[in-house]
Amino acid sequence: MENNVIIGTAGHIDHGKTTLIRALSGIETDTTMEEKERGMSINLGFAYFDLPSGKRCGVVDVPGHEKFIKNMLAGVSGINLVLLLIDSREGIMPQTKEHIDILTLLGIKNYIIVMTKIDLVEEEYRELVKDDIEEFIRGTVLENSPIVEVDSISKKGLNTLLEIIDKKTEDIEAKNIEKNARLNVDRSFQVKGFGTVVTGTLTEGVVAVGDELTIYPSEIKAKVRNIQVHSKDVEKAFAGQRTAINLANIKFDEISRGDTLATTGSLTKTYMLDSEITLIDAPRANLELWDRVRLYVGTVEVMARIVPLGQDELKQGDKGFAQLRLEEEVAVKNYDRFIVRTYSPMITIGGGIILDANPKKHRRFNEEILRKLKVQLEGNSKELVDNYLLTHIQYIIPKKELIQDLQLPSNEIEKDLSSLLEDKIIYETKSGFIHNKKYEELLERLKTILNDYHKRNRLKAGIPKVELMSKFKLTQKEALEIIELFIKNNEVHYIGNLVSEKDFEVKLDNKQIAEKNRLEKELLNGGFTPPTIKDLTKGIKFSLEILESLVDNTIIRLDSDLVLHKDILEQAINMVENHFKTNEKLTLAEFRDISGSSRKYSMAILEYIDKLGITRRVENYRVLAKK
């Protein structure tokens with residue numbers, strides 16, 4: 001893949017952004033008739049040019065007019081370097097300052113300040129403007145940014161600008177192409193003969209012709225028919241590239257600006273966000289409980305209410321945690337950045353980072369939540385994995401889900417999981433990982449269940465595993481894996497499908513032992529046609545209790561009145577398996593003849609063997625289940 005650099009332009013209206021891009025690229029970014037008539041960039045422009053080193057720069061021409069601020073916000077996502085344009089005749093203007101605030105809040109740190117229209121100003125005046133700029137940027141992220149003087153009409157200073165851009169982008173980090181694909185849609189239109197086309201910067205991942213992606217938040221599936229990068233058809237687009245994607249079978253009204261095109265399952269649809277918000281140092285930049293604001297994330301604008309966390313309010317110039325309650329659903333993920341503006345008048349007052357894209361409503365001064373958010377913000381990858389497993393609503397989390405939600409390199413997560421397993425902070429099951437604290441919580445629950453069961457069933461060796469699974473408020477799969485983990489870790493005693501406390505023993509007196517032996521002997525002697533429960537116990541409560549204590553241990557219950565000794569069941573299973581060595585089917589009559597049993601018992605035994613998954617009934621005969 002080629003080395004991609006995305007450059008954004010920012011600055012006050014009429015400070016020469018579009019003219020400079022045309023001078024660098026030869027491409028007019030004011031493309032629509034409305035734009036031509038109004039003489040300004042209403043929507044995001046789409047241009048590119050090559051640097052002396054051969055690197056290709058995609059350019060996002062962002063508008064400077066206050067009314068179109070949200071368009072500028074849409075263009076910021078994915079930008080590597082910003083050219084901040086300042087008219088040499090006017091110097092720093094209100095929108096210049098607001099653009100600097102927004103870019104800083106969005107975490108952009110790489111800038112070149114471009115003084116434009118220098119041919120229209122005397123050198124002495126330009127020096128005064130330059131001094132003002134240097135004074136203004138002192139103490140900001142732009143403090144050490146180069147200042148380049150250019151004139152886009154005469155082309156003066158353009159070669160110097162290109163050389164500085166080349167040097168400033170030498171160490172640009174490669175965009176992560178291993179992540180799930182994501183493109184925040186900034187334009188959507190129809191092309192005759194092709195259908196619906198969307199454009200935007202591919203901020204993460206790779207998109208190829210033929211890929212099936214999802215349109216968020218509607219979750220409509222879309223297939224990629226064609227891709228263009230820098231006006232050329234390509235088979236693949238990579239993170240960091242300005243991209244146009246032609247979507248198959250998507251109507252024009254099914255996708256629009258503000259939507260996101262992404263790998264299926266990679267984004268979270270939500271009406272709430274836990275975040276850290278940074279407020280600019282200005283008088284209006286204060287946020288109190290339930291203040292209504294405009295939230296800009298990706299290319300979407302939604303209204304939101306502020307709920308400060310850990311403090312009563314957020315004050316100007318400060319940082320703090322807050323939950324955002326949204327009035328419309330958005331599709332985002334952790335660590336997405338956003339901007340906050342006042343509802344009216346629309347003034348940029350802050351920005352932030354999403355720390356939990358799918359939180360619950362919680363108390364404002366909940367220490368556990370505040371600790372979790374602090375780890376999300378500052379923690380290393382191991383702490384993030386630890387925190388994710390601890391705070392997730394599910395008990396068992398698959399590795400794939402960890403990688404997808406945390407958006408960390410898979411080899412890094414593998415290393416962290418190994419370390420956490422070694423430290424016994426987490427445990428591994430067949431399908432994922434469980435945090436030790438959740439493990440301990442479930443173990444306490446298990447001990448309570450077993451203790452209660454043993455008190456009520458003193459003559460039973462343990463609770464059947466299937467019955468135990470139903471006692472946990474978990475999915476059947478989760479419950480089974482948790483119980484198997486407890487068995488593996490020797491937390492319980494497990495024999496013959498019965499689970500008991502490690503030190504539990506059935507203690508029978510001499511009379512009970514004698515009755516137990518009698519029942520087992522009669523069932524063994526009865527073979528495949530043993531006495532019924534009624535005949536065995538004569539309805540005597542004492543005998544019934546002893547019989548019940550043997551069920552699922554040495555005795556198998558076939559139905560409400562038929563039982564079988566487990567040794568006889570083993571013989572029946574062997575007979576069935578031997579039959580299938582030379583036969584493909586087994587009828588009820590054949591089994592009755594082989595076992596010498598009655599029709600009633602033969603039917604009950606075969607149905608039990610079906611339940612064990614050894615055989616399967618087809619019409620009026622059995623076949624081996626695996627066939």
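**Figure 1. Asn490 in a loop of the predicted model.** Asn490 is partly exposed, with a relative accessible area of 49%. In this predicted model, the residue sits in the loop that connects helix H13 (476-488) to strand E28 (493-495). The phi angle of Asn490 is near 60°, which is a positive value in a residue other than glycine. Most residues other than glycine have a negative phi.

**Figure 2. Lys155, a residue with positive phi.** Lys155 is found in the loop between strand E6 (147-149) and helix H6 (158-168). Phi is near 70° at Lys155, a positive value in a residue other than glycine. Lys155 counts as partly exposed because its relative accessible area, 47%, falls between the limits of 20% and 50%.

Figure 3. Most peptide bonds are trans. The bond from Tyr216 to Pro217 is cis, with omega near 5°. Pro217 belongs to the loop that runs between strand E11 (212-216) and strand E12 (220-229). Ser344 and Pro345 are also joined by a cis peptide bond, where omega is about -5°. The loop that holds Pro345 lies between strand E23 (337-342) and strand E24, and strand E24 itself covers residues 348-356.

**Figure 4. The second largest pocket and its lining.** The space in the second largest pocket comes to about 890 Å³. Its lining is made up of 29 residues, and those closest to the pocket centre are Asp356, Asn358, Thr391, His392 and Ile393. At least two lining residues come from each of strand E17 (268-279), strand E24 (348-356), helix H7 (367-378), helix H8 (381-391) and helix H9 (399-406). Sorted by class, the lining of this pocket holds twelve polar, nine charged and eight nonpolar residues.

Figure 5. Glu515 is part of helix H14, which spans residues 510-526. Glu515 is classed as buried because its relative accessible area of 11% is under 20%. The Glu515 side chain makes a polar contact with the side chain of Arg518, at 2.7 Å. Leaving aside residues up to four places away in sequence, Glu515 touches Phe542, Ser543 and Ile546.

**Figure 6. Domain 3 and domain 5 in the protein chain.** The domain assignment gives domain 1 (5-171), domain 2 (182-263), domain 3 (269-369), domain 4 (437-501) and domain 5 (511-624). Between the C-alpha centres of domain 3 and domain 5 the distance is 66 Å.

Key. Residues are numbered from 1 along each chain as its sequence is written. This is a predicted model: local features need pLDDT of at least 70, side-chain atom pairs count only at pLDDT 80 or more; totals for chains, interfaces and linings use all residues. Side-chain values use heavy atoms; hydrogens and water are left out. On a 1 Å grid over the protein atoms alone, a cavity is a set of points where a 1.4 Å probe fits but cannot get out, and a pocket is an open set with protein on both sides within 12 Å along at least five of seven lines; lining residues have an atom within 4 Å of a point. Grid points are joined across faces, edges and corners, and a volume is the space filled by probe spheres set on the points. Helices (H or I, at least four residues) and strands (E, at least two) are DSSP runs, numbered from the N terminus. Ala, Val, Leu, Ile, Met, Phe, Trp, Tyr, Cys and Pro count as nonpolar, Asp, Glu, Lys and Arg as charged, and the others, Gly among them, as polar. Buried means under 20% relative accessible area, exposed over 50%, partly exposed in between (1.4 Å probe, protein chains only). A polar contact is a pair of N or O atoms within 3.5 Å; within protein, one must be able to donate a hydrogen and the other to accept it, and residues adjacent in sequence count only if both atoms are side-chain atoms. Contact means heavy atoms within 4.5 Å. Domain bounds come from an automatic or database domain assignment.
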